[in-house]
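Colleague: I've got the sequence and the structure open side by side. Can we go through them together, a bit at a time?

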Amino acid sequence: MAFRVFLASLFVSKLADQILLFLVPLVVFQVTQSVAWSGFAFAVEAFPRYLSFPVCGALCDRKSPFRLLQASQVLRAGMCVVGVVGDLLWGGIGWLVALSAVCGVLTTQGMMAREVMLPQMAVHGERFDRVLAWSQAADQAGFMLGPMLAAALLALWPWQGVVGVAAALFLLADIATVAWRRISDLRLREPEVEAGPLWRPVRIALGHVWRLPGLKRLVVLAAGVNLIVGVTLASSAALVTGLHGRSAGYYAGLQTLGALATIAILLVIARASIPVRTLGVIAFVMMLAGGLLTGVAPDHWFYAAGFLLITGFDKMFNVFIRARRQKIIPPADYGKTTGVVVMLNNLTQPLAGLLVGACAGPPETARLIVWLSLAMGALGLGAFRSASSPDR
């Protein structure tokens with residue numbers, strides 16, 4: 001029962017976060033009619049989110065991850081209110097982009113807090129990859145319903161009203177988090193008291209990345225995959241509603257189908273006994289095929305097929321990465337090292353957004369997707385070839 005309440009809090013928090021992620025590129029494109037500005041807006045939102053991972057991870061090794069999770073949710077609700085009030089007083093979609101960027105950093109803190117707590121929930125003989133699969137399924141349920149809810153609300157209200165709903169959902173997630181802690185008998189490991197500046201744990205984490213066998217290879221693999229994830233997130237709103245002439249509702253429906261596919265895949269992982277390495281290989285190949293398909297798609301049907309491959313298998317690859325990473329990183333340094341690793345993994349996402357912003361229009365963006373897919377394939381081939389020998 002307690003774990004279900006935890007999953008409910010994760011679902012509601014993801015629902016609110018996905019509403020904001022859905023709003024930024026779509027509203028910016030609707031206002032500016034520019035795929036470049038849509039890409040730049042995504043990069044502005046994404047860079048702070050990923051650059052903050054090392055600091056957030058280090059904090060989780062110093063402070064109670066439960067308290068950090070609470071603070072993350074309450075502060076995100078407050079920032080939504082600040083953004084709406086700022087727009088009402090001074091106007092401009094910059095408030096939407098700014099509040100989304102700040103909320104992205106706070107989302108990183110919440111995600112890292114959950115990441116540190118999840119290994120401690122793998123109890124009673126339950127495999128860690130199955131715990132990950134259930135949590136990812138709850139995460140994807142929020143990913144699925146977030147765009148649908150945002151699109152429905154946008155049809156009734158301006159974006160300021162939709163952001164207000166996101167604020168209420170963040171508060172509801174915090175209520176569920178408190179309820180989980182009260183009914184759970186889980187004893188969370190107290191973080192070690194560390195003195196000194198935050199750059200010291202970052203240095204320790206970088207040392208682990210360089211020296212621990214297999215960790216560099218995982219970073220390279222994830223960075224390659226995130227090239228495709230980043231360019232898809234940054235360009236999908238513009239390509240679907242611009243190049244392929246579909247509506248915002250169609251775009252929300254496409255995201256929903258991707259989330260449904262992901263949930264189905266995660267449920268299979270949770271119930272079946274599939275080797276972790278096999279999960280990684282299948283997910284990588286499917287996402288590579290999806291990237292190439294979205295880049296050469298002659299119409300919205302082919303684009304949708306590629307989009308579904310990317311979004312459907314992204315979280316399968318995530319389960320592979322997180323399960324392998326958990327076996328390599330020492331428990332005492334799990335927060336700080338995971339924070340640095342996730343930052344390195346994901347920096348290619350906002351980089352892809354900047355590359356989309358440099359494109360002149362949708363046709364150039366489609367060609368960029370093909371080139372980034374080939375780059376992902378090259379990185380993956382190199383990493384998998386080196387799998388037989390340890391990192392040096």
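**Buried spots, helix packing and charge pairs**

Colleague: Let's start with I265: buried or exposed?

Modeller: The relative accessible area of I265 comes out at 16%. The cut-offs, with a 1.4 Å probe and protein chains only, are under 20% for buried, over 50% for exposed, and partly exposed in between. At 16%, therefore, I265 is buried.

Colleague: Before we go on, what kind of model is this?

Modeller: Residues are numbered from 1 along each chain as its sequence is written, and side-chain values use heavy atoms, leaving out hydrogens and water. Local features need pLDDT of at least 70, side-chain atom pairs count only at pLDDT 80 or more, and totals for chains, interfaces and linings use all residues, the model being predicted.

Colleague: Back to I265, then. Which residues does I265 touch, leaving out those up to four places away in sequence?

Modeller: I265 sits in helix α10, residues 248-271; helices here are DSSP runs (H or I, at least four residues; strands are E, at least two), numbered from the N terminus. Along the chain, F313 is 48 residues from I265, but their C-alpha atoms are separated by 7.6 Å. Counting contact as heavy atoms within 4.5 Å, I265 touches G312, F313 and M316.

Colleague: Now the helix pair α9 and α13. Are they roughly parallel or oblique?

Modeller: Two packed helices are described by the angle between their axes and the distance between the axes. For α9 (residues 215-243) and α13 (residues 334-346), the axes are 7 Å apart and the angle is about 40°; axes are lines fitted to C-alpha atoms, for helices over the stretch in contact, and angles run from 0 to 180 degrees between N-to-C directions. Under 35 degrees counts as roughly parallel, over 145 as roughly antiparallel, 65 to 115 as roughly perpendicular, and the rest as oblique. That makes α9, relative to α13, oblique.

Colleague: Which residues of α13 make that contact?

Modeller: On the α9 side, the contact uses L215, L218, V219, A222, A223 and N226. Facing them from α13 are T337, V341, L344, N345 and N346.

Colleague: On to charges. How many salt bridges does the structure hold?

Modeller: Side chains of opposite charge can pair when their charged atoms come close. The test here is a side-chain nitrogen of Lys or Arg within 4 Å of a carboxyl oxygen of Asp or Glu. The number of salt bridges in the structure is five.

Colleague: How many residues apart in sequence are K14 and D139?

Modeller: These two form a salt bridge, with the closest N and O atoms 3.9 Å apart, and both K14 and D139 are buried. K14 lies in helix α1 (residues 2-32) and D139 in helix α6 (residues 128-154). So the pair ties together parts of the chain whose separation in residues is 125.

Colleague: What is the relative accessibility of D17, the partner of R49?

Modeller: R49 and D17 pair with their closest N and O atoms 3.5 Å apart, linking helix α2 (residues 35-51) to helix α1 across 32 residues. R49 is buried at 9% relative accessible area. D17 also counts as buried, its relative accessibility being 4%.

Colleague: R322 bridges to E115. Which residues are in their salt-bridge network?

Modeller: The closest N and O atoms of R322 and E115 are 2.7 Å apart. R322 is in helix α12 (residues 300-328) and E115 in helix α5 (residues 94-121), 207 residues apart. R322 is buried at 9%, and E115 is buried at 4%. Bridges that share partners make one network of E115, R322 and R325.
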